[in-house]
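Me: Can you walk me through the charged side chains here? Keep it simple.

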Amino acid sequence: MTTAKRWTSGLLAIALPALLLAAPARAIVTSSTPTSLHSDIDGDPEADRQAVSREIERFRSSTISIGQAMAIAERRHAGATTADVSFDGASGVPVYRVKTLHNDRIWRHTINASTGELVGGEAALPLAELDHEDRDNLAALGAIRHRLADAVRVAERAASGKAISGGLVRERGRLNFAIVVISGDDLKEVILEPPGARTK
């Protein structure tokens, strides 16, 4: 996940299967205390807020959605699934950074947020080079039937906004999808637990 995770103004915990299957509202929704903003450079909260505002504005002016960026990256390798995606508006050209899992490798793609074109090629990292926890998380991702794209759609509905990043997080032995959604002028983090993702 990107640094946008630090800027979340709310936390929504939602049962993914209930929302995906349109079951009775069994979603657990909680709100956390808004987190204060921290600057990476000089500790200036106002400068950090302005940087966040610029990032959100660049995201809103992009023509490619996060779902489209994931689909573009997944099409590069038949059978690939997205493990992590984030919007990056800080560079000259706004892009999505997408990591996909395919054939025991993590593929890194940079997708132009205006045109959908691949920027600069792709890079692959064998899973064997990742630490044990990351390998376990990715193995769990391959074993569940719901994908990050499903979680993004659910999170966007739940938070009434547009996703700007998403990925896997492990909390208390559970592997969850964590999606950051822009809702109005707020950033909200939506946590979804896919069925079958519990681990020891």
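Reply: First, a term: buried means under 20% relative accessible area, exposed means over 50%, and partly exposed is in between. Also, this is a predicted model.

Me: OK. So is Arg-97 buried, partly exposed or exposed?
Reply: Its relative accessible area is 36%, so Arg-97 is partly exposed.

Me: What does Arg-97 form a salt bridge with?
Reply: Asp-88, with the closest N and O atoms 3.0 Å apart. Asp-88 counts as buried, at 18% relative accessibility.

Me: Why would two such side chains pair at all?
Reply: Side chains of opposite charge can pair when their charged atoms come close.

Me: How many salt bridges does the structure hold?
Reply: Four. One of them joins Arg-147 and Glu-74, whose closest N and O atoms are 3.0 Å apart. Arg-147 is in the loop between α4 and α5, and Glu-74 is in helix α3, so this pair ties together parts 73 residues apart in sequence.

Me: And which side chain does Arg-153 meet in a salt bridge?
Reply: That of Asp-150, at 2.5 Å from N to O. Both residues are in helix α5, three residues apart, which is about one helical turn. Arg-153 is partly exposed at 45%, while Asp-150 is buried at 16%.

Me: New topic. Which residues gather in the patch of negative charge on the surface?
Reply: Asp-131, Glu-133, Asp-134 and Asp-136.

Me: Where is Asp-131?
Reply: Asp-131 sits in the loop between β5 and α4. With 45% relative accessibility, Asp-131 counts as partly exposed.

Conventions. Residues are numbered from 1 along each chain as its sequence is written. This is a predicted model: local features need pLDDT of at least 70, side-chain atom pairs count only at pLDDT 80 or more; totals for chains, interfaces and linings use all residues. Side-chain values use heavy atoms; hydrogens and water are left out. Patches are made of residues with over 30% relative accessible area and no salt bridge: like charges are joined within 9 Å, nonpolar side chains (Val, Leu, Ile, Met, Phe, Trp, Tyr) within 5 Å. Accessible areas come from the Shrake-Rupley method with a 1.4 Å probe; for residues, only the protein chains shown count as cover. Lys and Arg count as positive and Asp and Glu as negative; His and the chain ends are not counted. The place of a charge is taken as NZ of Lys, CZ of Arg, CG of Asp or CD of Glu. Helices (H or I, at least four residues) and strands (E, at least two) are DSSP runs, numbered from the N terminus. Buried means under 20% relative accessible area, exposed over 50%, partly exposed in between (1.4 Å probe, protein chains only).
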